[in-house]
Amino acid sequence: MAERFLDEEIQLIQLTHDQTMLLRRFGRDRRMVVSGCAGSGKTVMAVEQAKWLTREKGLDVAFVCFNRKLADYLKQRERDSGVAFFTFHSLATHLGHRAPGVTMPTYAGDPPQEFWDEELPEVLMDAASELGGSYDAVMIDEAQDLHNHWLTALMATLRDEENSYVWLFMDANQQVYDARLDVPKEFRPFDLTVNCRNTQAIHREVMKKYRGEIVPEALGPEGRQPELYQVDDQPAQVAAVIERLCGREEVPPQDVVVLSSHGFEKSEVAQSPMGSYRLVPERNQPGKRIHFSSIRGFKGLESKVVILCELEDTDELSRDAQLYVGISRAVNHCVIVAPKP
């Protein structure tokens, strides 16, 4: 299986390149909203546009997303690009600490939800007002997770709010948080119509949860059908799948991720023995360590193999969105472990 993954990867890389070149035709547009299904290359395009503006135009560019793991991954991978990578909340904290007149809210324990939804956006607005513009362009990935007043705060960080580059990249089907963003009318729409990440077999499963006027297509390799196991003992089944994939199928453990509706500490699967392998919350660990994450925490990222589990505990309002996000993280193969019906 690992050898077949390599052949499929070449085709998918070419599709992503072709789609990025198509979007590049609109590179001079100051306001863009780029919409596409999971796997259509939105993050790749957002990064490439940010790097192009930095390299070719000498601009100070901020790349902003919602997911901390995605921001950390891009910050490490693109550390020499000159682009500043943030989550929305880390940008607010960064500028808040730079502004002497801004007081950062502090809490003895975990901050309430109001801290993330209201207080940090206010910090960002106050810091931008005191410091003035800090950036010439902002690329916003996962824009469907932003609130309207968050976008207003991000616009305030620009040196020229009227003419600076602001591009939004979004997919309403990945809205796993309670957020609402009304895109301003001046943003020019651009629809991505090709899935560049997933094999066709995975794409067909993802489309069962997709809602949108434009139905995307997959032009990559056919791949293999996702596997479904309905069992009473999910930890044991996940362990058996890992042993097979990383043993007989020769898939490196670093190419596998286990995704759950729970975080690491609250997951029965994460806290159970996995034979000769071990589940860990960090990515790309050496040896027989396999990354474990909540579905929400892995949004925006991808892995050659995804094992989904503990899906019965997803909340009803976000269940379809979490399934859509979880399955679409798999580039080459997806395994679903679920309870018996």
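Author: What follows takes the helix pairs one by one and then the cavity. This is a predicted model, in which local features need pLDDT of at least 70, side-chain atom pairs count only at pLDDT 80 or more, and totals for chains, interfaces and linings use all residues. Residues are numbered from 1 along each chain as its sequence is written, and side-chain values use heavy atoms, with hydrogens and water left out.

Reader: Why are α4 and α5 called oblique to each other?

Author: The axes of α4 (residues 88-98) and α5 (residues 113-131) cross at roughly 45° and come within 8 Å. Axes are lines fitted to C-alpha atoms, for helices over the stretch in contact, and angles run from 0 to 180 degrees between N-to-C directions. Angles under 35 degrees count as roughly parallel, over 145 as roughly antiparallel, 65 to 115 as roughly perpendicular and the rest as oblique. α4 and α5 are therefore oblique. Their crossing is left-handed (the near helix is turned anticlockwise from the far one by less than a right angle).

Reader: Which residues make the contact of α4 with α5, and how do they divide by class?

Author: Contact means heavy atoms within 4.5 Å. Among the residues involved are Phe88, Leu91 and Arg98 of α4 and Trp116, Leu120 and Leu131 of α5. The contact has eleven nonpolar, three polar and one charged residues. Ala, Val, Leu, Ile, Met, Phe, Trp, Tyr, Cys and Pro count as nonpolar, Asp, Glu, Lys and Arg as charged, and the others, Gly among them, as polar.

Reader: What makes α5 roughly parallel to α6?

Author: α5 and α6 (residues 148-155) pack at an angle of about 20°, with axes 9 Å apart. That angle makes the two helices roughly parallel. The contact includes Trp116 and Pro121 of α5 and His149 and Trp150 of α6. Its residues are seven nonpolar, two polar and two charged.

Reader: How do you know that α7 and α9 are roughly antiparallel?

Author: The angle between α7 (residues 200-207) and α9 (residues 319-328) is about 175°, and their axes are 9 Å apart. The pair is therefore roughly antiparallel. Ile202, Glu205 and Val206 of α7 meet Tyr324, Ile327 and Ser328 of α9.

Reader: What makes a space a cavity, and how many are there of 30 Å³ or more?

Author: On a 1 Å grid over the protein atoms alone, a cavity is a set of points where a 1.4 Å probe fits but cannot get out, and lining residues have an atom within 4 Å of a point. The count is one cavity of 30 Å³ or more. The largest cavity holds about 40 Å³ of space. Thr20, Leu23, Arg24, Met45, Gln49 and Trp167 line this cavity. The largest share of the lining, three residues, comes from α1.

Conventions
Helix = DSSP H or I, 4+ residues; strand = E, 2+ residues; numbered from the N terminus. 1 Å grid on protein atoms, 1.4 Å probe; cavity = no way out; pocket = protein on both sides within 12 Å on 5 of 7 lines; lining within 4 Å. Points joined across faces, edges and corners; volume = space filled by probe spheres on them.
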